[in-house]
Amino acid sequence: MDDHEKNKSIDYILSQGLVRPQKMRERISDMTQTLGLRFIFWDTGYSLFFSAVTLTLVLVLSIVAPDEYRHSFAVAAAPLVFLLLGAFTETAERASGLYELKQTCRYTVQQVAALRVIFYSVAGVAFTAAITAVSANDAYEFLSLFPLCLSALSVCSVLFLYVTRYLVGKWGGMVYSAVWVFMSIALPFSFRESWETLLGAVPIALSVAITVLGAVALAYQIKKMLSEVEHYAVA
């Protein structure tokens, strides 16, 4: 039997009532169209407002922050929008008694959490670019600082997704965000010049490698969460 006959046989079997499994890209597109951005971002208006306030606050702090702690400030500020959107959305939704019903009985908690991380990561990258542009004094410093900030965002998003997946409680995202912010503040204050020197000495290639590995790990985890729980949802 050649490939053409195999494809015809497969199409015939599918036409009898079976459903062809969705690819990851198709699954994401279907979920986005079904849920809508308003649900993915908890409430679009609140999310935009919180993001704007956070961006304004960080920009003000970047102006008054000492130049000798530029790396520490940028790395600490880069994941803030991601953490803000993730923590408040997951906490607010999981605290609601109608959380499952609001998903129209089509998707599980893990699937929606995975989808949200995708959009929050995109928003986090845009925010990181803005913070890096303000923190850097020239184009060369931007090109060296941006991968470092992206690597911090990458690690933050991967760990957030793991926490969201394995800690079922409604406060998991909020606790993780608080711990991450605390560590981001505690490390520069505890080690001061040593911490800044360490961040400044990180090679660009290493920052890029961490970012790529984090993105691969995030994509793998998202794909796993979207697929392994499909039998729990009426898709």
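Predicted model: local features only at pLDDT ≥ 70, side-chain atom pairs only at ≥ 80, totals over all residues.

Residues are numbered from 1 along each chain as its sequence is written, and side-chain values use heavy atoms, with hydrogens and water left out.

**Exercise 1. Work out how many helices and strands the chain has, and what share of its residues is buried.**

Step 1: Get the elements from DSSP runs, numbered from the N terminus: helices are H or I with at least four residues, strands are E with at least two. You end up with twelve helices and zero strands.

Step 2: Now burial. Buried means under 20% relative accessible area, exposed means over 50%, and partly exposed is in between (1.4 Å probe, protein chains only). Of the 235 residues in the chain, 40% are buried.

Step 3: Check the contacts, meaning heavy atoms within 4.5 Å. Among contacts with a separation of 6 or more, 79% come from residues 24 or more positions apart.

**Exercise 2. Find how H8 and H9 are oriented to each other, and which residues make the contact.**

Step 1: The H8 and H9 axes come within 9 Å and cross at roughly 160°.

Step 2: Look at the contact. H8 brings residues including Val117, Gly124 and Thr128, and H9 brings residues including Phe142, Leu145 and Cys149.

Step 3: Sort by class (Ala, Val, Leu, Ile, Met, Phe, Trp, Tyr, Cys and Pro are nonpolar; Asp, Glu, Lys and Arg are charged; the others, Gly among them, are polar). The H8 and H9 contact has 14 nonpolar, eight polar and two charged residues.

**Exercise 3. Decide how H2 sits against H8, then do the H5 and H11 pair.**

Step 1: The axes of H2 and H8 come within 11 Å and cross at roughly 95°. That angle makes H2 roughly perpendicular to H8.

Step 2: On H2 the contact uses Arg27, Ile28, Met31, Thr32 and Leu35, and on H8 it uses Gln111, Val112, Leu115, Ile118 and Phe119. By class, this H2 and H8 contact has seven nonpolar, two polar and one charged.

Step 3: For H5 and H11, the axes are 8 Å apart at an angle of about 75°. H5 is thus roughly perpendicular to H11.

Step 4: Arg70, His71, Ser72 and Val75 of H5 meet Trp195, Glu196, Leu199 and Gly200 of H11. Those H5 and H11 residues split into three nonpolar, three polar and two charged.

**Exercise 4. Identify the members of the largest nonpolar core that touch the most other members, and the helix that gives the most to this core.**

Step 1: A nonpolar core is a set of buried Ala, Val, Leu, Ile, Met, Phe, Trp, Tyr and Cys residues joined through side-chain atoms within 4.5 Å. The largest one has 35 residues, and Leu35, Phe82, Val117, Tyr176 and Ile222 touch the most other members.

Step 2: Helices that give two or more residues to this core include H2, H8, H9 and H12. H9 gives the most, with eight residues.

Step 3: Apart from this core lies another, of eight residues, among them Ala78, Leu145, Cys149 and Ala152.

Step 4: Now zoom in on Leu35. Skipping neighbours within four places in sequence, Leu35 contacts Ile40, Tyr107, Val112 and Leu115.

**Exercise 5. Say whether Ser154, His71 and Arg192 are buried or partly exposed.**

Step 1: Ser154 lies in H9. Its relative accessibility is 7%, so Ser154 counts as buried. Beyond its neighbours within four places in sequence, Ser154 contacts Ile210, Thr211, Gly214 and Ala215.

Step 2: His71, in H5, is at 17% relative accessibility and so counts as buried. With neighbours within four places in sequence set aside, His71 contacts Leu145, Leu148, Glu196, Leu199 and Gly200.

Step 3: Arg192 lies in the loop between H10 and H11. Arg192 is partly exposed, at a relative accessible area of 44%, and has a positive phi of about 50° although it is not a glycine.

Notes. Axes fitted to C-alpha atoms, helices over the stretch in contact; angles between N-to-C directions. Parallel < 35°, antiparallel > 145°, perpendicular 65-115°, else oblique.
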